[in-house]
Structure formats: structure tokens, C-alpha cells
Amino acid sequence: MRAPLLVGAATAALFTSALPAQAGGSSIVDPPPDKIVIDVATVNGSGCPLGTAAVAVSEDNTAFTVTYSEYLAQAGGDAAPTAGRRNCQLNLLVHVPQGFTYAVASADYRGYASLQPGASSTEKASYYFQGSPNTASRTHTFRGPYEDNWQATDDTDWAQLVWAPCGVQRNFNINTELRVSAGTSDPATTSYMTMDSTDGDISTIYHLAWKECPGR
């Protein structure tokens, strides 16, 4: 699937800036005035069947959001053995204004979890640029009993940010994963974790940091 996604004013309210504090000698800058456009090159995974994930960019270029509608992992009860793990890999082509580069400074994940006593779940995310050996990964664990909305935030220190290479177009990959384990819970009960909600879609927000490329 390849679908160009343009900036819409209606999405602006979804985003807040989460840029890292300026470090001594760093070259962090304000977001470029030109708009960025994200093309979805591919969407693959059991957690994001065709047509169930969408991407949009904030009006001020500080963030983009991914919205899921069928991202659910479950274990126990009548759940199939393979239902305990769901993943989604997004391959994004980010059109950045000339002379700038970007990195994902933080990411906010939200959903709902219903975990029986003795059950557990994890949310994991990995980020990397095509052809780059540098991969950033974060994992968050939840344990039952748990019956509520959940939120997890991945923050990256300035020194550890993985920047898009200057002057070269490289696709940006985001691989997310939900796992649910029944553990010692009653095998007749079902535990589950979603990256969506019963009253509407949940948006995962990725906050961007910007800097100028050398020689600009």
C-alpha cells in the first residue's frame, strides 16, 4: 500500500511538542517552516491488516500520528495460541525540507488492557532507518490484575537520538509489538491488550526533533 498523506488542520489538536532540551554545542533547531509529507510505503503485520492503520502529520511539523483500529493481542479462554502476539511494521517515506534532518525524540502509545490475575502483557517498539545498523528499542510491561486504559512513553536522550542521514532518502521503519501471556491466570478466562479502544481509534504520537544538515 502506498498512500500520500497531507497535513490537515484538523489534526493539529492531537499533537504537542516534546523536543529535548538543547544540549551544549548541539544544533537543535525549530521545526522547518516548509511542510513535511509522509508516504506510507508498506504496512505489514498481524496487528494492522490492510486498511486498519493510518498516518497523519501535525500542522507545525513537530509530530506525526499513527492510528490503529484492529490491533489486539489476547491469551487464555478461547483465544488461539497465535493470538498472544500481534505486530505492525510501518515503512514510511518522509519528505523533509532541504537542508534539515530529523529524529524521533519520543513516542506516546495508548490502548486498553484487560489482564487477569497472573497474566501479563508487553508493548515493544523499535525504530530504524533503512540501511542503518542503529536500532532503538523500548519495552513496557503490564501485569494483572489490570482493567484500564494504558499509556507508555518512549523518551530518547539527545546524545542517543538516531538522525536521518543528510542528503540521502532513507525510509523510516517503526516496528511495534503487543504480547499477552496467560501466565498463572485461570485458563478459562481471557486476557487482552489493544492499541485501540472500545469508543474509537487510539492514536500513537511520535514527536520529532530537528537539526540543520552540515553546510546548510
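## Disulfides and salt bridges

Cys-166 is partly exposed, with a relative accessible area of 34%. Here buried means under 20% relative accessible area, exposed over 50%, and partly exposed in between, with a 1.4 Å probe and protein chains only. The structure is a predicted model, in which local features need pLDDT of at least 70 and side-chain atom pairs count only at pLDDT 80 or more, while totals for chains, interfaces and linings use all residues. Residues are numbered from 1 along each chain as its sequence is written, and side-chain values use heavy atoms, with hydrogens and water left out.

A disulfide is taken as a pair of cysteine sulfur atoms within 2.5 Å, and by this rule the count comes to 2 disulfides. Counting bonded cysteines along the chain, the pattern is 1-2, 3-4.

Cys-166 is joined by a disulfide to Cys-213. The torsion about the S-S bond of this pair is about -90°, so the disulfide is left-handed. Cys-166 lies in the loop between β11 (146–155) and β12 (172–181), and Cys-213 in the segment after β14 (202–212), so the pair ties together parts that are 47 residues apart in sequence. Strands are DSSP runs of E with at least two residues, numbered from the N terminus. Cys-213 counts as buried, at 11% relative accessibility.

A disulfide also links Cys-48 and Cys-88. With 100° about the S-S bond, this link is right-handed. The pair connects distant parts of the chain, 40 residues apart: Cys-48 is in the loop between β3 (37–44) and β4 (53–57), and Cys-88 is in strand β7 (residues 85–95). Cys-48 is buried, with a relative accessible area of 2%, and Cys-88 is buried at 1%.

Salt bridges are defined by a side-chain nitrogen of Lys or Arg within 4 Å of a carboxyl oxygen of Asp or Glu. By this rule the count comes to 2 salt bridges. Side chains of opposite charge can pair when their charged atoms come close.

Glu-177 forms a salt bridge with Arg-85. This pair links distant parts of the chain, with Glu-177 in strand β12 and Arg-85 in strand β7, 92 residues apart. Glu-177 also forms a salt bridge with Arg-179. Glu-177 counts as buried at 14% relative accessibility, whereas Arg-85 is partly exposed at 32% and Arg-179 is partly exposed at 40%.

| Pair | Contact and distance |
|---|---|
| Cys-48 and Cys-88 | disulfide, sulfur atoms 2.1 Å apart |
| Cys-166 and Cys-213 | disulfide, S to S 2.1 Å |
| Glu-177 and Arg-85 | salt bridge, closest N and O atoms 3.2 Å apart |
| Glu-177 and Arg-179 | salt bridge, closest N and O atoms 2.4 Å apart |

Notes: Helix = DSSP H or I, 4+ residues; strand = E, 2+ residues; numbered from the N terminus.
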